[in-house]
There are 2 protein chains.
Amino acid sequence: MPQSEVYAIKGIRLSTVAAGIRYPNRKDLVLFEIDEGATVSGVFTQNIFAAAPVLLCREHLAVASPRYLLINTGNANAGTGDKGLNDARQTCEALATLSGVIPAEILPFSTGVTTEFLPTQPIIDHMEVLLDGLGEASWTEAATGIMTTDTVPKALGVRFEIGGEVVTISGMTKGSGMIRPNMATMLSYIATDAAIAKSSLDKMLQTAMAQSFNRITVDGDTSTNDSCVLIATGKGKTLGGEKDEAIFLAQLIKLVRDLAQMMVRDAEGASKFVTITVSGGASSQDCLQVAYRIAHSPLVKTAFASGDANLGRIMVAIGNAEVAGLQADAVTMHVGGVRILHHGIDPAYVEAKVVDILKQPEFEVCVDLGMGTEVETVWTCDLTHEYISINADYRS
Amino acid sequence: MPQSEVYAIKGIRLSTVAAGIRYPNRKDLVLFEIDEGATVSGVFTQNIFAAAPVLLCREHLAVASPRYLLINTGNANAGTGDKGLNDARQTCEALATLSGVIPAEILPFSTGVTTEFLPTQPIIDHMEVLLDGLGEASWTEAATGIMTTDTVPKALGVRFEIGGEVVTISGMTKGSGMIRPNMATMLSYIATDAAIAKSSLDKMLQTAMAQSFNRITVDGDTSTNDSCVLIATGKGKTLGGEKDEAIFLAQLIKLVRDLAQMMVRDAEGASKFVTITVSGGASSQDCLQVAYRIAHSPLVKTAFASGDANLGRIMVAIGNAEVAGLQADAVTMHVGGVRILHHGIDPAYVEAKVVDILKQPEFEVCVDLGMGTEVETVWTCDLTHEYISINADYRS
């Protein structure tokens, strides 16, 4: 289980307000202030309808090092064309004027409903109070401020030593539907007090993503606004080469994996957390294809929800994964350690063995393709009535 | 809307009984008897876990022309390995002995729960009464006998003239979940009294499939038991070349498309029937990728269910379709004739325009990719609470 503490990071101050962007009295505007001298990496959605703030983040990151992250919920500013881009620019310009930086030093982020124009005025109107509220200890409040359909704020921290010096990493994330991150997740912000060169930071963020946010799925939909930012403020330990970086990376991966799994646990309507491990693949791609095919099958997901041992549905999903050269006879499948499939149904298998496993809130599906040595793990959830309720009524 | 009549086909007799394969007093065993001299084509699932009866159908079709189709519901005999194959063989052998044909002249079909062994005894025990009950006029009863979670039997017929002679085609189909046929659908049987050479029949079945069963999806899962058989008994008109075949093919396509659409209308929990047309593709594959991405998105399907105009979810799905070279700015989207997306949100678009459309039981989504001239259409349905109820309790 993830740790529950989140730590302040020297060189970063946060502020959160309720600006009334979509709903009254809901914290919906968050500001990160980053001290000069930090290095910052970002990864963003691969959806071709990347939202206006994502386009602007890419543009700004290419020319400047960020001093502010300005995050609003309630409206995604996606599918909004040139007007959407101008709206996002306008909020950056307003903040730049008040804070004395240039607009390119500000990264804007939005999440919420798409294809509606961003209400810029409430954002601009609340900038002074946002700036006035900046403080180091507000991580949990900020994690609340970036929520949409999330039911709990998601923030975690870790402290460890490198060469006798304490290093801290803290992170927060949001998202519980439209989740199949592809490069990053809905919105996620991670920061450390370590000093890390930009090129190393970029590489570590990519590596950590591939083992965390890019391995979870709720419903297979990659949002237009997926963004993840990693900040190294440089106020603490300076990483001294490959060995230090390896220690840091391991801790970073653990933290973002825990954050990613928190999203699956809090996924819209989810009642089960399921780990799907596919081994014996000829390629990592083959393993992922099978894992996602299982994770996205509505029939598998409803079987998980019901706790019914109708596990032939997993077999059907594997068989549909379009893995070249896959032989039905070579496939082995375990659920919660019980072998079910091995040249067809395992003769020793009886349903009674898995009934209790499927009633647990967490279990693992292991599939071996019998083709090679690659392994991949994906985390997902079940599909419930509650998911339908949330998504058929999302905007009501 | 599909026609409602189904006609007897000279040279084919049907019989249906309740054999108690899974549930008592439910018609679950159907027999087709085909006169000698007919030509028969079949297409089958592309799932790598093709069920035992599918493997046997392929084997038998390669060496003989079918005289009987033996169809059971209640158990799919899928994922059952060598024992499953032997079980299916045993039912064919029992019928062969009683009817005086060789086993290879019998095609077995199964549908129902997977990864459980087929109860062969009730099938064998009911063969005499099945054979005794054979008659020409029992198409609707047989269509009832092949149902599983279907709520209505699906049988249709068409009569038309070729060169002054009346030609009849009748067909039946079943299936309402685990529907994304890939070569054929769950189970579908089509017959005509026309005389058609095997090679022409094969080609026409393939062509018709590509415009009907292979263009529908309920939940994206291709069953292990998908099978479609087309029989030409040759008791009536002999098709006299390409012109006759073109007339026949057009009628065949219309019939199987109507049958396919009946499956979507009766899909598990479906309350909306949605036509998705994607034009302007550089390839047919690109169009299908976008259409299926929309059709499989749980967020799009729940928006359809709610009748809420949260149509940005369609845009998100398009953006996730991984079509190489697709430009967000070039995409146009209409729903029910109202233009929504064109370089971002159409400035003239207001939600009020689509609210009434989305409350209709049927509407169309049209997407133009602005890349080429290819067009594809896919038919699908919404995702409702009822789908979850049906599939979380399927075996209870």
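In what order do the 5 strands of the open sheet in chain B run? I looked this up in a predicted model, where local features need pLDDT of at least 70, side-chain atom pairs count only at pLDDT 80 or more, and totals for chains, interfaces and linings use all residues. Residues are numbered from 1 along each chain as its sequence is written, chains are lettered from A and ligands numbered from 1 in the order written, and side-chain values use heavy atoms, without hydrogens and water.

**Entry: the sheet**

I read the order as β3-β9-β8-β7-β6 (chain B), with mixed pairing. Strands here are DSSP runs of E with at least two residues, helices are runs of H or I with at least four, both numbered from the N terminus, and two strands pair if DSSP finds at least two bridges between them. I found β3 (39-44) and β6 (154-162) of chain B at the edges, each with a single partner strand, so one side of each has no neighbour in the sheet. On average, neighbouring strands are turned by 10° against each other, direction ignored.

I then followed β7 (165-174) and β8 (187-192) of chain B, which run antiparallel and are joined by 6 bridges. Lys174(B) stands opposite Leu187(B) in β8(B).

**Entry: the helices**

I noted that α1 (52-63) of chain B packs on the sheet, touching β3 and β9 (227-232) of chain B, and makes about 145° with the direction of β3(B). Helix α6 (198-210) of chain B also touches β3 and β9 of chain B, at about 35° to β3(B). Contact means heavy atoms within 4.5 Å; axes are lines fitted to C-alpha atoms, for helices over the stretch in contact, with angles from 0 to 180 degrees between N-to-C directions.
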